[in-house]
Amino acid sequence: MTATNGGPTGARQDTVAAVVRQWRTVHPDLDTAPMEIIGRINRCAALLQQAEDAPLRRAGLSRPEFDLLGALRRTGHELTPSELARETFSSGAAVTKRLKQLSERGLVERRGDTRDRRVAHVRLTDAGRDLVDGILPEQLAYETSVLSGIAPREQGELAALLGELLGELEGRLGALRG
C-alpha cells in the first residue's frame with residue numbers, strides 16, 4: 001500500500017518526497033514520478049558517499065582505492081591500468097593516481113610488460129591481499145547494517161530492480177559511447 005507521497009504507508013518522510021510535492025504544486029501538469037526514483041537513488045548515493053565506509057576509513061582507504069584493490073583480488077591475476085579502469089568504472093588518470101598511492105603504501109606492485117614497455121601489469125602484494133581479505137568481512141557487515149531496516153525479501157527485490165535499471169543504463173550509455 002502506498003501513501004500519497006509515493007512511498008510506503010507509515011514510511012518515514014524523506015527529502016525527495018518533499019521536493020516532489022513542491023514540484024507538483026509548481027507544475028501539476030508534469031509527471032514527477034521519475035523524480036521519486038532517480039532522486040532517491042541520487043540521494044542514497046550522496047549519503048552513502050558522505051558517510052563513507054567505516055571499515056575502509058579505519059584502514060586509511062577510500063572506496064575507490066578499495067575498489068581497485070578488490071578488482072585485483074577478485075579477478076585473481078594481474079591487470080593493466082586500463083583493465084583496472086574498466087573494472088572500477090574509473091578514468092585512467094584516477095587509476096594512475098590511486099596506483100601510485102597504493103604502490104607507495106606497499107599494497108600493489110607494477111611491472112613492465114616484457115614485450116611492450118608502454119604496458120604495465122599490476123598485482124597485489126601480500127600486504128594488499130591481506131588488507132583486502134581482512135577488510136572485506138567487516139565491510140560486508142557494515143553494508144548489511146546499512147540495509148538492516150529493509151526486509152531481506154525486499155532487499156532482493158530492490159537489488160533485482162536496480163540491476164534491471166543498471167543494465168538498461170549500461171546498454172544505453174554503452175551504445176552512446178561506442
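Which residue forms a salt bridge with Glu109? Hold that thought for a moment while I set the ground rules.

What we have is a predicted model, where local features need pLDDT of at least 70, side-chain atom pairs count only at pLDDT 80 or more, and totals for chains, interfaces and linings use all residues. Residues are numbered from 1 along each chain as its sequence is written, and side-chain values use heavy atoms, with hydrogens and water left out.

Back to the opening. The partner of Glu109 is Arg123, and their closest N and O atoms are 2.7 Å apart. Arg123 sits in strand β2, residues 120–124, while Glu109 sits in strand β1, so this pair ties together parts that are 14 residues apart in sequence. Now the terms. A salt bridge here is a side-chain nitrogen of Lys or Arg within 4 Å of a carboxyl oxygen of Asp or Glu.

Arg111 is partly exposed, at 40% relative accessibility. Its side chain makes a polar contact with the side chain of Glu78, at 2.7 Å. A polar contact is a pair of N or O atoms within 3.5 Å; within protein, one must be able to donate a hydrogen and the other to accept it, and residues adjacent in sequence count only if both atoms are side-chain atoms. Beyond its neighbours within four places in sequence, Arg111 is in contact with Glu78, Val119, Ala120 and His121. Contact means heavy atoms within 4.5 Å. Val122 is eleven residues from Arg111 in sequence, and their C-alpha atoms are 6.6 Å apart.

Thr80 comes next. Thr80 lies in the loop between α4 and α5. It is buried, with a relative accessible area of 15%. Leaving out neighbours within four places in sequence, Thr80 is in contact with Val119, Ala120 and His121.

How many does the rule give? The count comes to 15. Side chains of opposite charge can pair when their charged atoms come close. Asp116 and Arg118 meet in one, at 3.0 Å from N to O. Asp116 is partly exposed at 23%, whereas Arg118 is exposed at 75%. Glu157 and Arg153 form another, with closest N and O atoms 3.1 Å apart. These two are four residues apart in helix α8, residues 152–177, and so are separated by about one helical turn. Glu157 is partly exposed at 38%; Arg153 is exposed at 63%. There is also a network of salt bridges, linking Asp14, Arg24, Glu36 and Arg40.

Now a charged residue with no salt bridge. Glu65 is in helix α4, residues 63–75. Is Glu65 buried or exposed? Glu65 is buried, and the nearest side chain of opposite charge, Arg105, is 4.3 Å away. For charge, Lys and Arg count as positive and Asp and Glu as negative; His and the chain ends are not counted. A polar atom of the Glu65 side chain lies 2.9 Å from the backbone nitrogen of Ser62. Setting aside neighbours within four places in sequence, Glu65 is in contact with Gly60, Arg98, Gln101, Leu102 and Arg105.

The axes of α4 and helix α5, residues 81–88, come within 10 Å and cross at roughly 105 degrees. Axes are lines fitted to C-alpha atoms, for helices over the stretch in contact, and angles run from 0 to 180 degrees between N-to-C directions. The two helices are therefore roughly perpendicular to each other. That label covers 65 to 115 degrees; under 35 counts as roughly parallel, over 145 as roughly antiparallel, and the rest as oblique. Asp67, Leu68, Ala71, Leu72, Arg74 and Thr75 in α4 meet Leu84, Glu87 and Thr88 in α5.

Last stop, Phe89. Phe89 lies in the loop between α5 and α6, the latter being 92–104. Phe89 is not a glycine, yet has a positive phi of about 55 degrees. Phe89 is exposed, with a relative accessible area of 72%.

Key. Buried < 20%, exposed > 50% of the residue type's maximum accessible area, 1.4 Å probe, protein only.
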